[in-house]
Amino acid sequence: MVSGLINANPVIYEKKERRVRSAPSVGDDEHAVEPIDQLEFEARFVRVFIFLTFLNHIRDIKDPEHPYSLEELKVITEDAIEVDDNHSYVRVTFTPTVEHCSMATVIGLCLRVKLMRSLPQRYKVDIRVAPGTHATESAGNHSILGWRESDVGCF
Amino acid sequence: MAEPSQLTQHIESFVDSSCSSTQQAASLDAIVSFVKNDVVTISSLVREMEMYLTTTDSIIRARGILLLGEALKCLSSKPLDAATIHSLMSFFKERLADWRALRGALVGCLALVKRKSGGMVTSSDAKGVAESFLQNLQVQSLGQHDRKLCFELMECLLEYYPHAVASLGDDLIYGICEAIDGEKDPQCLMLAFHIMEVLVQVFPDPCGPIESFASDLFGILSSYFPIHFTHPKAEEDVEVKRDDLSRALMLAFSSTPLFEPSVIPLLLEKLSSSLSSAKVDSLKYLSYCTSKYGAERIAKHAGVIWSSLKDAIFTSGQSFVLSLTPESLGGLGCQENEIAAEALALLEKVVIQNNDLFSSMIVGDEEINMVLNSITGCQSYNEIPLQSTQKLYSVGRILYVSVKASVASCSRIFQYFFSCLMESMGLPVVNGSGTCSFNDDCIISKRPNHGSLYLCVELLGACRDLVISSGDLASQCVSANETWCCLLQRFSTSLSKIFTSTLATSTDKPAHDADVYLGVKGLQILATFPGGYLLVSKSTCESILMTFVSIITVDFNKTLLWKLSVKALVQIGLFIHGSNESEKSMSYMDIVVQKIVSMISSDNHDIPFQLQLEAVSDIGTSGLQYMLKIVTGLQEVICANLAEVYVQGNVKSAKVIIHLLECYSNELLPWIQKYEVFDEVLLQFVVSIWNQIENCMAFPDGIFEKELLDATMKVMKLAVASCSVESQNIIIDKAYTVLSSSTFLSTKDSLSSLQAQLEELEDTQETDKFSSRDEWIHSLFTSVIIALHPQTRIPNIRTVLHFLMIVFLKGYVTAAQALGSLVNKLDLKTSGTEYSGGCTFEEAMDIIFGKNLGCSDHVPAGRSGITGYWSETGLTNLCLGAANSGLLKIHSIVGLAWIGKGLLMRGHEKVKDITIVFLECLQSNGRMGALPLEENNCNWDMRLSAMKCAADAFQVLMSDSELCLNRKFHAIIRPLYKQRFFSTIMPILQSLIIQSDSLLSRSMLYRAFANVVIGTPLIVILNDAKKLIPMVLDSLKLLSKDVLDKDIMYSLLLVLSGILTDKNGQEGVIENAHIIINYLIGFVTYPHKMLVRETTIQCLVAMSELPHTRIYPMRIQVLQAVSKALDDPKRAVRQEAVRCRQAWSVI
């Protein structure tokens, strides 16, 4: 455990207002299929954010009264999520708050586990550190991608 | 006399600190009751305790004194003589110096000072206590509870003995300052603030000691403002809420005008705080202090107050948004936030208090004038930049509030700004009495800009609200020749023309929405000025009404304008109705109501029919007399159209009539039912419908439309239900007359022939249809029967019963419902001879169950384990398979179900026989099902659906029906009837299911079981949860096999989820955790209903809360099952699946 804070004073961004699904896209048709889309994915990410707030009290956040989520820290923005239901593919790009953040790998892995739990098995999950935002970008990407399924299961 | 040893024992046990607190409390109670009952006197108690009160062991002494104090607290109503009180008081007073045993002394002092009867403390004693308090107590060095006691003591002294303590003078004030300074506990602070408030009242003399201490006192108080809890979460635990504390501090602040020089600057300074709660508090305090300190003192600060107020309103102005919905026409046009609302409230207060000063400041304010000058530059709403609009709206609110504050402020401010606005609109204010020469053309060429329109509407609205607020203000002001009245009188006509032209030139584009809203609102305000036609002339009012009506009839394409106009008319109608102005009411009736009614009847096809109906029903709600007119008009139209349908078979009329009937039953009838004044009108309507049918002997072919009949039946039911008993008597007589004229009854008139017909029906199983006319007659007749009061007298009830039996056996469910309603409401006690044609309840039951139809032979019911016999006759016979035709059998089961429901709801025993019939149906068919060889497939299907029908009869019994047998239709409902039925039927069903040997009948029994469980209130199910869960699961499994059962399966699943999520069901759930999970896993992929899958997964989530050891073994299975649901076609299911996986993967 590293003592002290890596980023003692993170910049807090206002939460973006969540887009709301205007109306049920298909009416009452019992058998119509609603594909997984970006919006739903974001909705699912709300939980990821909550899940990841546990990181906050380990590291970045000073004041326990204000539990910032990764969203508020702009570690993840909704634009950084790409979903393709037809090809069963999802890519998440996240941005660590500071360049030398040692939590980047942990955040990445948490995201990965969470996504594997909340997506059908047919999905390929791809998690990356945004280019140019982290000191050991390639190493980080490597280590996140390099985890085999079984390892993730143990996590 | 109590034994002294007993008393000593109790004293010892209280003093002994090793005893538990409950023991101590018990011994205190015992001692108190000794004294209360005069077994022991106070003085003997004190003597007995002498050792404990004076011992040098401080712990025992503290306990001893506390005992005496607590005892006195409990004896507050016990009379004591003056000497005892004096000696006790001097004892406790001295003990205040004993810091080791302080608690008891404080409790004792408090108890004595608080005494109100039976001997009170003398003033000199009270003064002594106060002195001792000031000398000996270092309040801030004590613990929280002791501090609280100290403050309570001081509060009581100040409240009850103000003169005694006042003589202490400066010492008292100084001592209190010292005691309070630095206090942080909310509960103590509440007391401290109150002490401050009372302290000031103790020294009423403005030049007294308070004056010299005012700044010190305020120095202590001011440090608490604004109240702000640094640990917001802790606030929830404390009893004292922020608002209470804030209010207490406010009372302390405003307690004396002497604080004014320090308070007002502080509050004004805090207005610029970034904390919004501080701003709100400052404004609240300012409002309150304003009324307490008086006009003179506030006037000193007027300039600063006005500029701070203005700032507060302008900066919080982003919240002002014009909401353009029709609903907002009635109230304020803008939404306000808390700061703005408080600021405006303060503004109103200061304007009322100090009109001249503040009015001239508002009138002379540069910023407001600048806004006023700048608005003329921008034509439409969209051209104005956002910031300016907000400023504009803020100015609007300021003007509204200050004009509305008082007549004087209205005169001043309205006069100034209104003249400015009129000039900017091109209506020069010419002095003198000459009427304004208004030129239509000039207005149309120069469209008024949004800003002027808005401010105009605000000013007019403020004026109107001011006039409304007091009774005959309008006539007073007019007679006093107030300037604003003159202005208003002079310009009202021109203004109404301006507003009208705004509406006329606007289009349906969003750019014009704001102007349309303002135009409508302006006209509405002008039309709702109180005081007759004093301020706004009659012709103007009428032309406004005509404008709205013409919009409704012509401009239906402009959605917003149309909706706003209807709403405005409703508001105007409500106002006129409420203000009792007959002249206005008459013109409203003539111009609006008359026109709207004629619009409906005149067959005007320009306006969409739906909109016509909307306008009619909305405007009807504005007043009773208007509704009466509209209802009568609508009824005439309906009857006229009905006639066309009957005589000519006019299909178009039929369509129109369906809309009319729906509007009548959905919109108008619910409103009418609230008022109970329409009895006569409804009666006429119903009777005229019957008349029409009576007069028309032959219906043209092909005009019978199911939809039309259904709509008519619904109206008939609801209308009859809203009638009084007397009217219902007339209606049922009329209906019966028409019924007897139908071919059905007229050919076979007598009772016996009806019976013969019934028998014939049994024999031939003929299900021939009725003719169109007969079908109408009997359908409407059944509707009438369903809606009757229990007291209504049905003529020839025997014939009616027979008739209904025949109709329902032909497959008309409504007849069965009518029969159910009839047996539900039939008086149990009458002898049947009170009026001709009546009959007793028993007789009716005999007719229904056909005692006199066949021979009654007894069949034992031993098979089902039910003891007793029932007569297998008539209807029962039909149900149990005597009838060869399956269809007849199904009809009789359905009929029996409704009759059973009627009986069940009133709690009659006969329902038992009926349920036994159903159970026998479920089983006997199972028995026959074993011999399928003799039967062809068709028959087999019939039997199967008959069994299903019998199982679903339980659903009819248990569920609430919208169509009949509810409060609306005056059913007799015994409390808890469902619970009773549940507890009788459940054991029977359970044992039958266990005994059942055939698969089919078991599945049918499960179906019946499911229906009963679904209909029972959850709380009853929870009591039996343990026993019921396995059966619920089994029936779920059976139901999941057939697609057609998806709805009943869903309802049952909801019951299960209710059990899972409730605490009372937990025990049973834990016990059955494994099987529940196993079954639920099976339903995760149920293909036929999304809600079933969603609920199943929710149930699984609920299961994850159970004790770890019970559910952990199932974890892998659940996760696997739910992972399939992650790829479910439905979004909601996937969301739940994610939640479920999350819940189960962390256990």
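Chain B is assigned domain 1 (4-228 + 239-254), domain 2 (623-723) and domain 3 (1032-1147). The model is a predicted one. Between the centres of domain 1 of chain B and domain 2 of chain B, taken over C-alpha atoms, lie 77 Å.

**The core**

The largest nonpolar core counts 357 residues. Which residues have the most contacts inside it? They are L153(B), L157(B), L459(B), C463(B), I619(B), V784(B) and L1052(B). Take L459(B) as an example. In soluble globular proteins, nonpolar side chains tend to be buried together.

**A helix of chain B**

Helix α28 of chain B covers residues 538-554, 17 residues in all. From first C-alpha to last, α28(B) reaches 24 Å. That is close to the 24 Å expected at 1.5 Å a residue. Which residues of α28(B) are buried? The list runs T540(B), C541(B), I544(B), L545(B), T547(B), F548(B), V549(B), I551(B) and I552(B). An α-helix has 3.6 residues a turn, so residues three or four places apart point the same way.

The cover over the buried residues of α28(B) includes these helices of chain B:

| Helix | Residues |
|---|---|
| α26(B) | 483-505 |
| α27(B) | 513-527 |
| α29(B) | 559-579 |
| α30(B) | 582-601 |
| α31(B) | 609-620 |

**The sheet of chain A**

Chain A has an open sheet of 3 strands, in the order β1-β2-β3, with mixed pairing. Why is one side of β1(A) and of β3(A) left without a neighbour in the sheet? β1 (81-84) and β3 (124-129) of chain A stand at the edges, and each has a single partner strand, so one side of each lacks a neighbour there. From one strand to the next, the twist averages 10°.

β1(A) pairs with β2(A), residues 89-94, in the antiparallel sense. The pairing runs over 4 bridges. V83(A) has V90(A), in β2(A), as its bridge partner. Helix α2 of chain A, residues 104-118, lies across β2 and β3 of chain A. α2(A) runs at about 160° to β3(A).

**Where the chains meet**

How many residues does each chain bring to the contact? Chain A gives 13 residues and chain B gives 14 residues. On the side of chain A that touches chain B, α1 (38-58) and α2 of chain A each supply at least two residues. α1(A) gives the most to that side, with 4 residues.

How values were computed:
Residues numbered from 1 in each chain as written. Chains lettered and ligands numbered in written order. Predicted model: local features only at pLDDT ≥ 70, side-chain atom pairs only at ≥ 80, totals over all residues. Core = buried A, V, L, I, M, F, W, Y, C linked by C-beta atoms within 7 Å. Buried ≥ 20, exposed ≤ 12 C-beta atoms within 10 Å, placed from the backbone. Domains from an automatic or database assignment. Pairing = 2+ DSSP bridges. Axes fitted to C-alpha atoms, helices over the stretch in contact; angles between N-to-C directions. Contact = placed C-beta atoms within 7 Å. Expected span 1.5 Å × (residues − 1).
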